[in-house]
Each structure stands twice: as C-alpha cells, then as structure tokens.
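Let's take a walk through a protein model together, a few spots at a time. Keep the sequence and the 3D view open while you read.

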Amino acid sequence: MSVIIVANLIAKAGQEELVEKTLLEAVPAVHDEPGCARYSLHRKKGTVGHFVMVEKWASEDDLQSHRGGIAMAKVGKVLGDALAEAPSVVVLDALPAGDLDKGAL
C-alpha cells in the first residue's frame with residue numbers, strides 16, 4: 001500500500017530563498033528514487049517562507065530509503081539552520097472514493 005506524506009517547512013526570516021532553492025534542487029533527484037510516485041513542492045498562498053511538500057511513496061520501505069538517502073542528507077545539511085522549526089510531517093492513509101483518479105493520490 002502506498003504512503004502519502006504532507007510536510008510543512010517554514011523558513012526563518014531572511015532564509016526563504018535558500019529554503020526554496022534547496023527544496024527545488026532536491027526534487028529531480030528524489031523523483032529518481034525507487035518508489036517515488038509524487039514529490040511536489042508548494043508554497044502556502046500569501047506567504048514567502050511556508051513550503052508544503054506533498055509526497056507519495058510506493059511503500060514504507062521506499063519512504064524510509066528516501067529519508068536516509070543522499071538527497072535528504074544534502075537538504076538537511078543546507079537547511080539545518082534555515083528553518084524556523086522542525087518540519088511538520090503528516091503521514092496519511094488514503095480513503096479512496098468515487099473516481100479513483102480523482103479520489104486518491
């Protein structure tokens with residue numbers, strides 16, 4: 001069963017560009033990781049430093065490999081002092097309904 005993640009990352013004032021650049025640069029590498037079905041970066045509307053990552057992984061094992069992978073190690077190293085707080089990560093269980101292409105990630 002796939003694993004859905006929503007992660008919120010909030011940049012410290014003055015670090016917004018660094019956070020955005022670092023996250024955007026990580027996306028292509030993460031897309032190439034085994035089991036990555038979605039890894040998409042968003043910014044909370046009306047803000048400059050609140051980023052939301054929506055992820056879908058084929059399995060829990062793939063998610064764990066991602067967390068311990070090269071791309072996340074680089075992100076963690078660069079953003080260690082650039083975030084206002086630890087990322088808020090929510091793991092979701094899908095409740096598919098209706099048209100499965102529209103009712104589930």
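## A tour of the model

A58 sits in the loop between strand 3 and helix 2. Before going further, keep in mind that this is a predicted model. Is A58 buried or partly exposed? Its relative accessible area is 43%, so A58 counts as partly exposed. If you skip the neighbours within four places in sequence, A58 is in contact with M1, S2 and G35. I10 is another story: A58 and I10 are 48 residues apart in sequence, and their C-alpha atoms are 27 Å apart in space.

S59 also has its place in the loop between strand 3 and helix 2. With a relative accessibility of 22%, S59 is partly exposed, because the buried label is kept for values under 20%. Which residues does S59 touch, not counting those up to four places away in sequence? They are M1 and V3.

Now hop over to strand 2, residues 36-43, where you'll find Y39. Y39 has a relative accessible area of 5%, so it is buried. Leaving aside neighbours within four places in sequence, Y39 is in contact with V27, V30, H31, M53, V54, E55, W57, H66 and M72. Take M53 from that list: Y39 and M53 are 14 residues apart in sequence and 6.8 Å apart in space, going from C-alpha to C-alpha.

Next up is a pair of helices. Helix 1 covers residues 16-31, and its axis comes within 10 Å of the axis of helix 3, crossing at roughly 175°. That angle makes the two helices roughly antiparallel, because anything over 145 degrees gets that name. Which residues make the contact? On the helix 1 side there are L18, V19, T22, L23, A26, A29 and V30, and they meet A71, M72, V75, V78 and L79 of helix 3. Sorted by type, the residues of this contact are eleven nonpolar, one polar and no charged.

Beyond its neighbours within four places in sequence, T22 is in contact with V75, V78 and L79. G76 lies in helix 3, and it is partly exposed, with a relative accessible area of 43%. Along the chain, G76 and T22 are 54 residues apart, while in space their C-alpha atoms are 9.6 Å apart.

Here are the C-alpha pairs from the tour, side by side.

| Pair | Apart in sequence | C-alpha to C-alpha |
|---|---|---|
| A58 and I10 | 48 residues | 27 Å |
| Y39 and M53 | 14 residues | 6.8 Å |
| G76 and T22 | 54 residues | 9.6 Å |

Last stop: the empty space. Rolling a probe the size of a water molecule over the atoms shows where such space is left. How much space lies in the largest pocket? About 330 Å³. The largest pocket is lined by 17 residues, and A7, L9, E55, M72 and P87 are the closest to its centre. Strand 1 (3-10), strand 3 (50-57), helix 2 (60-67) and helix 3 (70-79) are the elements that give two or more residues to the lining. Which element gives the most? That's helix 3, with four residues. As for the kinds of residue in the lining, 13 are nonpolar, two are polar and two are charged.

One name links several of these stops. M72 is among the contacts of Y39, takes part in the meeting of helix 1 with helix 3, and is one of the residues closest to the centre of the largest pocket.

Terms used:
Residues numbered from 1 in each chain as written. Predicted model: local features only at pLDDT ≥ 70, side-chain atom pairs only at ≥ 80, totals over all residues. Heavy atoms only, no water. 1 Å grid on protein atoms, 1.4 Å probe; cavity = no way out; pocket = protein on both sides within 12 Å on 5 of 7 lines; lining within 4 Å. Points joined across faces, edges and corners; volume = space filled by probe spheres on them. Nonpolar A, V, L, I, M, F, W, Y, C, P; charged D, E, K, R; others polar. Axes fitted to C-alpha atoms, helices over the stretch in contact; angles between N-to-C directions. Parallel < 35°, antiparallel > 145°, perpendicular 65-115°, else oblique. Contact = heavy atoms within 4.5 Å. Buried < 20%, exposed > 50% of the residue type's maximum accessible area, 1.4 Å probe, protein only.
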